[in-house]
Amino acid sequence: MSINMSFKSGYSSLFSGMMGGSSTGSASMSNLLSDYTSIKNGSYGKLMRSYYGSLKNSSTASTGTKSRSGNMLERILEEKRNPKVSKDVQEANANLTAGLSTMKNSVSALQSDATYTDTKNGQSAADKVVSAIKAYVSDYNDVVNAAKGSTLTGKTAYVANMMSSTSKNADKLSEIGITINSRGTLEINEAKLKKADISKVQELFSAKDIMSYGSMISSRLKFAGATASTNAAIGSTGTNSTVASGAAGLKTDSKALASDELYAKMKDSDGNETDKYNIDKIFATAKSFVNNYNAMFDKAESSSNSGVLANLSYIREKTARNESALKQFGISVDEKGRMKINEDTFKKSDMSKVQEFFKDYGSSISTNASLVDYYMTTQANAANGYTSTGAYNVQGSARYMGIM
């Protein structure tokens, strides 16, 4: 017992001497023993691995931030270049493309004179009109519903415009039993439709009136259904330059017909101004205007260039609004939207009124013709806002979206 006590006393004295006999020394010894235990059971090794791992992560954090940011940006750009489209969206895109094509047929049927005449097999015109209206409403609703889930904005923009045209004609549609519901789709009151005057239906969808509801819908369908392949074909045959020259000529003629120079009074042999216009010169300019107007439409209507099509639509609508005024000067517009000029009528017109008219109408047409020329010559295929796959091409039609 005394030996053990002596040993303990010596052991304490030994470590007390090593540690200077202080309380700090005791604490240090305690920590040392604790560390020894930690090393022995492996927990110390785990702690060190965790510690140096955190240091490694910390040391690379500053350089890694830029790398992670760059990777994130690349992922965002890649998603924009190649967006992941869900199956529902893919289906909506396919349905919209197919629906637009089908709807063209149902509109064409309602614009055809044959729909409004009895057939030899006993089918009445009224029955054919009811059947055609049902087909149109069904196709219209399919397109509207597909557009709501579609990402083909080059097509959905025109569907939205088509819906706007429908809304503007709501009263006329209601007269023949068609109403617009809260979802933007159409509903038929079949009893009312069967009692409707088919001449009202024909007038509503008239192909002869370019401002009719049917003509407006047909125009939007044409624009929405256009594909980039049309432009490629046009470019390969050199049609772009032909269209451009027609548009450029129309721009020049429009400005001339609005200018003061063209209407300057003629001078007599002594150089004195008379009260007479150079009617032959004015008529020649008007005839050139008509020829260039028709040439531009003949070539440009097959274009898929959204900038061209938008401006052609503006020109067509402006002409329709001024059709009665043009007739006074011997300029008529046929059902295809092409112009004809009667020389005798034009030359008998009051040239001061011709000038006054073209200062407004001609200047406005010149602006749109100039843009047609610009898109065909400068932008060419790049002005086609959306490709056949629905991918957006930023270089052209952005400024024309939503203006139809």
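This is a predicted model: local features need pLDDT of at least 70, side-chain atom pairs count only at pLDDT 80 or more; totals for chains, interfaces and linings use all residues.
Colleague: What is the volume of the largest pocket?
Modeller: The largest pocket has 26 lining residues. Gln111, Ala207, Ile210, Ser215 and Glu335 lie nearest its centre. Its volume is about 560 Å³.

Colleague: Which helix gives the largest share of the lining of the largest pocket?
Modeller: Helices H4 (87-111), H9 (198-204), H10 (213-225) and H14 (306-321) each supply at least two lining residues. The largest share is seven residues. That share comes from H10.

Colleague: How many residues in the lining of the largest pocket are charged?
Modeller: Seven lining residues are nonpolar. Another eight are polar. The charged ones number 11.

Colleague: How far does H4 reach from its first C-alpha to its last?
Modeller: H4 has 25 residues. At 1.5 Å a residue, 36 Å is expected. The model comes close to that, with a reach of 36 Å.

Colleague: Is Lys359 buried, partly exposed or exposed?
Modeller: Lys359 forms a salt bridge with Asp260, at 3.3 Å from N to O. Lys359 sits in helix H17 (residues 351-379), while Asp260 is in the loop between helix H12 (239-258) and strand E3 (265-267), 99 residues apart. The relative accessibility of Lys359 is 41%. Because buried means under 20% and exposed over 50%, Lys359 counts as partly exposed.

Colleague: Which residue forms a salt bridge with Asp280?
Modeller: The closest N and O atoms of the pair are 3.1 Å apart. Asp280 lies in helix H13 (residues 279-300) and its partner in helix H16 (residues 343-347), so the bridge ties together parts 67 residues apart in sequence.

Colleague: In the salt bridge of Asp298 and Arg338, which residue is buried?
Modeller: Their side chains meet at 2.7 Å, N to O. Asp298 is in helix H13, and Arg338 is in the loop between strand E5 (331-333) and strand E6 (339-341). Asp298 has a relative accessible area of 51%, so Asp298 is exposed. At 14%, the buried residue is Arg338.

Colleague: How many salt bridges does the count come to?
Modeller: Lys134, Glu190 and Lys194 are linked in a network of salt bridges. The count comes to eight.

Key
Residues are numbered from 1 along each chain as its sequence is written. Side-chain values use heavy atoms; hydrogens and water are left out. On a 1 Å grid over the protein atoms alone, a cavity is a set of points where a 1.4 Å probe fits but cannot get out, and a pocket is an open set with protein on both sides within 12 Å along at least five of seven lines; lining residues have an atom within 4 Å of a point. Grid points are joined across faces, edges and corners, and a volume is the space filled by probe spheres set on the points. Helices (H or I, at least four residues) and strands (E, at least two) are DSSP runs, numbered from the N terminus. Ala, Val, Leu, Ile, Met, Phe, Trp, Tyr, Cys and Pro count as nonpolar, Asp, Glu, Lys and Arg as charged, and the others, Gly among them, as polar. The expected span of a helix is 1.5 Å times one less than its number of residues. A salt bridge is a side-chain nitrogen of Lys or Arg within 4 Å of a carboxyl oxygen of Asp or Glu. Buried means under 20% relative accessible area, exposed over 50%, partly exposed in between (1.4 Å probe, protein chains only).
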